[in-house]
Amino acid sequence: MNIIQFYMFVSILSFIAGTFLFVKGYRDADMALNMVIVKETTSVEFVDTSLFGKHFTVLDLYRIGIAELFASFILLFTSLGFSLIASFKAMSDERGSS
């Protein structure tokens with residue numbers, strides 16, 4: 001595996017991870033806002049539960065969602081950066097060989 005293939009591999013992995021975190025972060029933030037709306041209209045308070053049985057309040061869920069959205073943007077910009085580095089490296093290698 002040469003360096004261009006490595007950069008593209010890292011770019012694809014960070015894009016997949018960033019997309020997953022974006023979807024999960026958006027879900028968490030949206031769920032927190034929906035829980036607030038339900039609490040205000042019906043006076044029933046919901047709690048989100050993880051797979052391991054940990055309970056999250058509205059504020060916890062919103063903070064987690066925002067943190068995941070922030071991390072997803074970092075990963076997506078990292079993906080773009082590695083993709084640009086790989087393409088510029090490929091262009092410079094092509095110019096050097098011709």
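**Entry 1: surface**

I began with the surface and found a nonpolar patch made of Phe22, Val23, Tyr26, Phe73, Phe77, Leu80, Leu84, Phe88 and Met91, with about 940 Å² of accessible area together. Patch members have over 30% relative accessible area and no salt bridge; like charges are joined within 9 Å, and nonpolar side chains (Val, Leu, Ile, Met, Phe, Trp, Tyr) within 5 Å. The areas come from the Shrake-Rupley method with a 1.4 Å probe, and for residues only the protein chains shown count as cover. This is a predicted model, in which local features need pLDDT of at least 70 and side-chain atom pairs count only at pLDDT 80 or more, while totals for chains, interfaces and linings use all residues. Residues are numbered from 1 along each chain as its sequence is written, and side-chain values use heavy atoms, with hydrogens and water left out.

I then asked which helices supply the patch: H1 and helix H2 (58-97) each give at least two residues. H2 gives the most, with six. Helices (H or I, at least four residues) and strands (E, at least two) are DSSP runs numbered from the N terminus. Leu80 counts as partly exposed because its relative accessibility is 46%; the classes are buried under 20%, exposed over 50% and partly exposed in between (1.4 Å probe, protein chains only).

**Entry 2: confidence**

I checked pLDDT, the predictor's confidence in each residue from 0 to 100. The protein averages 92, and 98% of the residues score at least 70. Confidence is lowest in E1, at a mean of 86, and highest in H1, at 94.

**Entry 3: the two helices**

I compared helix lengths with the expected span, which is 1.5 Å times one less than the number of residues. H1 has 40 residues and should span 58 Å; its end C-alpha atoms are 58 Å apart, which agrees. H2 also has 40 residues and reaches 58 Å from its first C-alpha to its last, close to the 58 Å expected. After H1 comes Ser43, whose phi is positive, near 60°.

I listed the buried residues next. Those of H1 are Ile4, Tyr7, Val10, Ser11, Ser14, Gly18, Gly25, Asp28, Ala29, Ala32 and Met35, and they pack against strand E1 (48-49) and H2. In H2 the buried residues are Val58, Leu61, Gly65, Glu68, Leu69, Ser72, Ser79 and Ala86. These H2 residues pack against H1, E1 and strand E2 (55-56).

**Entry 4: Ala32**

I took Ala32 from the H1 list. Ala32 is buried, with a relative accessible area of 1%. Leaving aside neighbours within four places in sequence, Ala32 is in contact (heavy atoms within 4.5 Å) with Val58, Leu61 and Tyr62. I also noted that Ala32 and Ser50 are 18 residues apart in sequence and 14 Å apart in space, C-alpha to C-alpha.

Is Asp28 buried or exposed? Asp28 is buried, because its relative accessible area is 2%. Asp28 is found in helix H1 (residues 3-42). Not counting residues up to four places away in sequence, Asp28 touches Leu61, Ile64, Gly65 and Glu68.

I searched the whole structure for salt bridges and found six. A salt bridge is a side-chain nitrogen of Lys or Arg within 4 Å of a carboxyl oxygen of Asp or Glu. Asp28 forms one with Lys24, the closest N and O atoms being 3.1 Å apart. The two are four residues apart in H1, which means a separation of about one helical turn.

Lys24 is partly exposed, with a relative accessible area of 32%. The side chains of Lys24 and Glu68 also meet in a salt bridge (3.2 Å, N to O). Lys24 lies in H1 and Glu68 in H2, so this pair ties together parts that are 44 residues apart in sequence. Glu68 is buried, at a relative accessible area of 13%.

**Entry 5: Lys89 and Asp93**

I looked up another pair, Lys89 and Asp93, whose side chains meet in a salt bridge (3.7 Å, N to O). Lys89 is partly exposed, with a relative accessible area of 32%. Asp93 counts as partly exposed at 37% relative accessibility. Salt bridges that share partners join Lys24, Arg27, Asp28, Asp48 and Glu68 into one network.
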